Each structure stands twice: as structure tokens, then as C-alpha cells.
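Subject: Structure for you to look over

Hello,

Here is the structure I promised. Please open it alongside this message; my notes follow below.

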Amino acid sequence: MEESITILDAVKKEFDCKETDIRTYSPLTLAYIGDAIYDLVIRTVVVERANQSANNLHKKTVRYVNARVQAKMIEALESELTEEEMAVYHRGRNAKSYTSAKNASIIEYRKATGLEALCGYLYLTGQQERLLCLIHEAIEKIDMKI
């Protein structure tokens, strides 16, 4: 049986990326990559569930990829997080960002940034099953259907 390789492993190998201690990454760096990973997961689910026009796919995706919903998701997940995950979330939430969301409060934006930092951390530490489990659980907890 072949051993599966993650996209992270493939990227590191293909582009000869050096190993870096994840603890040296700023919380906003984790949120930066986490934003992309979260978006990729949601887009993948939307596309896999319905072959539709790009416009319809985008409309479905933005229902999940926005600060207000991401804040609700992390609130629903907090009791499920490990101590380590909660620490990463808090670092992301408390990071001083110089931007804000157009359609969300500062509190919602910071919570969303914390969720994205957690997603980035889980991705960069190779915990993709945990990442997917948390996103799936959050969507179910806030009663949204993709």
C-alpha cells in the first residue's frame, strides 16, 4: 500500500523548503496561510458537492469564508480545542493586525484571525485530519449546510 503524501510534503519537496520551527512563525503568518487553507477546504467541498457556474460556487463559498461566520465557528469549537490549539487560537486572536473586515466587527475579525491562525498551525504541523475534523464540526455546530 502506498503511503499518502500531503500537499505540504509535496510543496516542501518540490520547492526544496527548509524545515522551520513552527514556534518562530508569527500568529499573523499562521493566519495568512490558514486563511488560504480554510478557503481551499471550503471551496473543495463546494465544488465537489455541485458542479455549477463559477458565480454560484462563489456565492456558496462566501457564506463560509467571512469573518462573521468564522467567528461563530470558533465560538462553537472552543470547548473542543486542546490546550495547545487554544493557545494558538489566542495568539492569532490577540495579534495586532493593521487591517479589518468590511462587514464584521473588530471582535469578529479578531476571532476569525484566531481561527485562521489555528488552521495554519494545524496545516503546517501536518495535522490535516484534525483540521478537517474541526472545520466539519464547526459547520455542523452552527447549523449550516454546504
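Lys141 and Glu80 form a salt bridge through their side chains, at 3.1 Å from N to O. This pair links distant parts of the chain. Lys141 sits in helix H7, Glu80 in the loop between H4 and H5, and 61 residues separate them. Please keep in mind that the model is predicted.

How open are the residues of the Lys141 and Glu80 pair? Lys141 has a relative accessible area of 38%, so it is partly exposed. Glu80 has a relative accessibility of 35% and also counts as partly exposed. The class applies between 20% and 50%.

How many salt bridges does the structure hold in total? The count is eight. One of them pairs Glu108 with Arg68, at 3.3 Å from N to O. Glu108 lies in helix H6 and Arg68 in helix H4, so this bridge ties together parts that are 40 residues apart in sequence. Arg68 is partly exposed, at 38% relative accessibility.

Back to H7 itself. The helix runs over residues 128-141, which makes 14 residues. From first C-alpha to last it reaches 20 Å, close to the 20 Å expected at 1.5 Å a residue. Its buried residues are Leu131, Leu134, Ile135, Ala138 and Ile139. After H7 comes Asp143, with a positive phi near 55°.

Asp16 also has a positive phi, of about 50°, although it is not a glycine. Asp16 is placed in the loop between H1 and H2. Its relative accessible area is 70%, so Asp16 is exposed.

Phe15 lies in the loop between helix H1 (7-14) and helix H2 (27-49). Is Phe15 buried or exposed? Exposed, because its relative accessible area is 60% and the class starts over 50%. Phe15 forms a nonpolar surface patch with Ile7 and Val11. Together the three have about 300 Å² of accessible area.

Thr61 belongs to helix H3 (residues 54-62). With a relative accessible area of 7%, Thr61 is buried. What does Thr61 contact, leaving aside its neighbours within four places in sequence? The residues are Asp39, Ile42, Arg43 and Val46.

Thr29 is in helix H2. At 35% relative accessibility, Thr29 counts as partly exposed. Between Thr29 and Ala117 there are 7.6 Å in space, C-alpha to C-alpha, although they are 88 residues apart in sequence.

Best wishes

Definitions and conventions. Residues are numbered from 1 along each chain as its sequence is written. This is a predicted model: local features need pLDDT of at least 70, side-chain atom pairs count only at pLDDT 80 or more; totals for chains, interfaces and linings use all residues. Side-chain values use heavy atoms; hydrogens and water are left out. Patches are made of residues with over 30% relative accessible area and no salt bridge: like charges are joined within 9 Å, nonpolar side chains (Val, Leu, Ile, Met, Phe, Trp, Tyr) within 5 Å. Accessible areas come from the Shrake-Rupley method with a 1.4 Å probe; for residues, only the protein chains shown count as cover. A salt bridge is a side-chain nitrogen of Lys or Arg within 4 Å of a carboxyl oxygen of Asp or Glu. Helices (H or I, at least four residues) and strands (E, at least two) are DSSP runs, numbered from the N terminus. Buried means under 20% relative accessible area, exposed over 50%, partly exposed in between (1.4 Å probe, protein chains only). The expected span of a helix is 1.5 Å times one less than its number of residues. Contact means heavy atoms within 4.5 Å.
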